[in-house]
Amino acid sequence: MPHRHRHHRAMGAAVAATAALLVAGLSGSASAGTAPADSAPTAAETLRTDAAPPALLKAMQRDLGLDRQQAERRLVNEAEAGATAGRLRAALGGDFAGAWVRGAESGTLTVATTDAGDVAAIEARGAEAKVVRHSLADLDAAKARLDKAAAGLNTADAPVWYVDTRTNTVVVEAIRPAAARSLLSAAGVDGSLARVKNRTERPRTFYDLRGGEAYYINNSSRCSIGFPITKGTQQGFATAGHCGRAGSSTTGANRVAQGTFQGSIFPGRDMAWVATNSQWTATPYVLGAGGQNVQVTGSTASPVGASVCRSGSTTGWHCGTVTQLNTSVTYQEGTISPVTKTTVCAEPGDSGGSYISGSQAQGVTSGGSGDCRTGGETFFQPINALLQNYGLTLKTTGGDDGGEEPGEPGGTWAAGTVYQPGDTVTYGGATYRCLQGHQAYAGWEPPNVPALWQRV
């Protein structure tokens, strides 16, 4: 499933003014709490929702049943919702129990809490509040126990498990319910925390030997380029770990020598990167419909319910939504965790390809079930974890992609670093808390991007 590395022309006109696209509830929430200065960019401006090209918007329209304006508004609302959820997560602390968006335009953000006393604060920021029994920390801890127990079990008949914030449970999807019960018992997960859901198909990795636009491993099997990257002065690309092992050689779709796998993890994770030779140049694009450019401007992770689109050589552009974060999935080769579960379809040959929300890189195709004729589901390896693991820098449009020195003497913030929600840095003599997972870039210094950082 190649996403072959190509050089493309930048494209895509800016959508209508960001402010005009905001749903009333979320537009107010973007500046709630620690209000940024009037000159500070909105979340949608920071995440460049205006960089979404026509090909991506058309795929969203086709797969999500939207018109053009709805697709544009959805991207803006999801950017604002992510920033609001990040602020509320920081404010609620241990009470926080997850957040998600819903509606055709993602116009409604729901934030869950274990304390009814938090409802007013949540609603004051334009979100709906849901009071639940278990915190996100409790659910994540239960899911971690499942991951640990699965290492000593055969989970082929209970191949998928994840934290479902919308039902405030840990869900195990099983072909045989008895297999799910065995996993829950081995993990010591209380019945009040868990839910078993039936499934009929085993996930598989999307990887085969078909021809098409792709890169080839050892002149044999084929996969897709995920995202072009740099590591210092070395250029290359990120892809799926199951596509090749360290030392494996790659050739392009044109069968010209391309590069070598430098690192690969599978199973456990599904991540790898390839260093390319001087004939190949990293560009800040992924291949869209009809060979068009889709710009990559960052890697801010999308919330549950958000739209996401995938590019692969077998099936091209397809879109869907993020259904679960922090998911574990068992393939024939072993268990992968954590991955993100989506409603996007894929087929053999799409492995390693790009997932993107608007212009924000999300991850690389790992596997799934079903197909793009009858429908299916897919899992992707989050890109930020891959970048962090190998010390890579995502190639993006605008600005300098290289690792910069901290913006102020003595500051700990640094471009090129992958930050997770809750991380703290210093910059310009002040301390900031990360609100949304992302890789930092010059121009995204904490005072400049209130969608990503909160001064504390």
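Colleague: Why is C434 called buried?

Modeller: Buried means under 20% relative accessible area, exposed over 50% and partly exposed in between, with a 1.4 Å probe and protein chains only; C434 has a relative accessible area of 2%, so C434 is buried. This is a predicted model, in which local features need pLDDT of at least 70 and side-chain atom pairs count only at pLDDT 80 or more, while totals for chains, interfaces and linings use all residues. Residues are numbered from 1 along each chain as its sequence is written, and side-chain values use heavy atoms, with hydrogens and water left out.

Colleague: What makes C309 and C319 a disulfide?

Modeller: A disulfide is a pair of cysteine sulfur atoms within 2.5 Å, and the sulfur atoms of C309 and C319 are 2.1 Å apart. The torsion about their S-S bond is about 100°, so this disulfide is right-handed.

Colleague: How do you know that C309 is buried, and what holds for C319?

Modeller: C309 counts as buried because its relative accessibility is 2%, and C319, with a relative accessible area of 6%, is buried.

Colleague: Why is the disulfide of C223 and C243 called left-handed?

Modeller: The sulfur atoms of C223 and C243 lie 2.0 Å apart, and the torsion about the S-S bond is about -85°, so the disulfide is left-handed.

Colleague: What is known of the disulfide of C345 and C372?

Modeller: The sulfur atoms of C345 and C372 are 2.0 Å apart, and the torsion about the S-S bond is about 100°, so this disulfide is right-handed. C345 counts as buried because its relative accessibility is 9%.
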